[in-house]
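The sequence and the structure are shown below for reference.

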Amino acid sequence: LPLILIALIFSGCTTIHPKAAPEAITDKQLFSHEHFDHVLQRYGSESGKIDYAALQKNRDELNRYYRLLTEISPDSHPELFPTDDHKLAYWINAYNAAAIKIVLTYYPIESVKEVKPPAVFFFLPDVSGFFVFQKPVFGGRKISLYSLENSIVRKRFADPRIHFALNCASIGCPRLPQQVFSADTLNEQLDRETRRFVAEERNVRIDHENRTIYLSQIFEWYEDDFLDWLKENDSQNPTLLTRYIALYLPAEKAAALESVENSYTLRFIPYDWQLNDPQ
């Protein structure tokens with residue numbers, strides 16, 4: 001980008017400041033996601049929606065957690081994150097918590113599209129206001145959700161299951177679990193969320209009447225991530241439908257998908273940016 005455009009982008013960004021004092025942590029401790037876990041248990045739901053109205057009235061635990069995020073990250077305090085699973089769990093939880101924090105900054109809203117980019121950037125997509133121009137702080141560094149996902153999570157961790165763990169506060173997203181992601185159980189959690197996502201008709205559906213396979217746009221936007229993972233894992237003839245999605249489907253549904261892969265049209269379902277709010 002030209003330097004003037006870069007300068008304009010940074011000048012139009014909004015820093016998401018913490019609202020609570022930092023908590024003491026020693027080098028002998030590991031980073032704790034306990035506060036955010038309490039938030040998800042209390043204000044989350046089985047459907048993956050967040051009760052933002054109730055959470056807005058009682059943000060103490062979210063603020064405490066976010067303040068920890070602003071002070072500490074795997075980059076600023078690597079000694080607190082001994083494995084890649086500790087690091088990835090941090091970044092997933094940090095993304096999900098920061099998305100909630102941004103929503104509450106502008107709430108009530110009905111869609112993340114309502115967080116507009118500065119007027120001078122009228123040519124950018126509406127969602128850039130939320131994902132590019134809001135700047136949460138992680139370990140003392142301002143990072144947009146867009147950069148966190150693409151420059152940190154996708155770049156450092158070549159595991160496409162992360163696309164079913166990151167929640168962008170929208171209906172089209174994977175459901176937000178009522179528990180944090182934990183280093184000790186991260187592989188099982190990522191598997192669970194991937195299976196849950198592909199099992200939902202709204203994300204993977206075969207329409208026999210119209211001879212069409214419908215997929216979430218997540219599979220369109222990040223197709224290369226899924227195919228690259230398959231190639232790295234020695235998959236023969238890597239395909240999105242029958243080599244990746246089918247891995248996480250029950251045998252009967254996987255067989256049904258394989259039987260129509262070459263004869264049905266593939267279409268992607270437009271993403272639903274409506275807020276994941278139960279009201």
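Helix H2 and helix H4 pass each other in a left-handed crossing, in a model that is predicted. The axes of H2 and H4 come within 8 Å and cross at roughly 145°. On the H2 side the contact involves His35, Phe36, His38 and Val39, while H4 contributes Glu61, Leu62, Arg64, Tyr65 and Leu68. Sorted by class, this contact of H2 with H4 comprises 5 nonpolar, 2 polar and 2 charged residues.

H2 itself spans residues 34–43, and its buried residues are His35, Phe36, Asp37, Val39, Leu40 and Tyr43. The cover over these buried residues of H2 includes helix H3 (52–57), helix H4 (60–71) and H5.

Helix H5 (residues 84–106) also packs against helix H7 (residues 145–156), with axes that come within 11 Å and cross at roughly 170°. Angles over 145 degrees count as roughly antiparallel, and H5 and H7 are therefore roughly antiparallel to each other. The crossing in which H5 passes H7 is left-handed. From H5, the residues Leu88, Trp91, Tyr95, Ala98, Ala99 and Ile102 meet Leu145, Leu148, Glu149, Ile152, Val153 and Arg156 of H7. By class, the contact of H5 with H7 has 10 nonpolar and 2 charged residues, with no polar ones.

| Helix pair | Axes come within | Crossing angle |
|---|---|---|
| H2 and H4 | 8 Å | roughly 145° |
| H5 and H7 | 11 Å | roughly 170° |

Turning to the strands, an open sheet is formed by 3 strands in the order S5-S6-S7, with mixed pairing. Strand S5 (204–207) and strand S7 (265–269) stand at the edges and have a single partner strand each, so one side of each is left without a neighbour in the sheet. Neighbouring strands of this sheet are turned by 25° against each other on average, with direction ignored. Strand S6 (residues 212–216) pairs with S7 in the parallel sense over 5 bridges, and Ile213 stands opposite Leu266 in S7.

A last point concerns a loop residue. Ser170 lies in the loop between H7 and helix H8 (186–199). With a relative accessible area of 2%, Ser170 is buried, because that value falls under the 20% cut-off. Leaving aside residues up to four places away in sequence, Ser170 touches Val112, Asp272, Trp273, Gln274 and Asn276.

Note on methods. Residues numbered from 1 in each chain as written. Predicted model: local features only at pLDDT ≥ 70, side-chain atom pairs only at ≥ 80, totals over all residues. Heavy atoms only, no water. Axes fitted to C-alpha atoms, helices over the stretch in contact; angles between N-to-C directions. Helix = DSSP H or I, 4+ residues; strand = E, 2+ residues; numbered from the N terminus. Parallel < 35°, antiparallel > 145°, perpendicular 65-115°, else oblique. Left-handed = near helix turned anticlockwise from the far one by under 90°. Contact = heavy atoms within 4.5 Å. Nonpolar A, V, L, I, M, F, W, Y, C, P; charged D, E, K, R; others polar. Pairing = 2+ DSSP bridges. Buried < 20%, exposed > 50% of the residue type's maximum accessible area, 1.4 Å probe, protein only.
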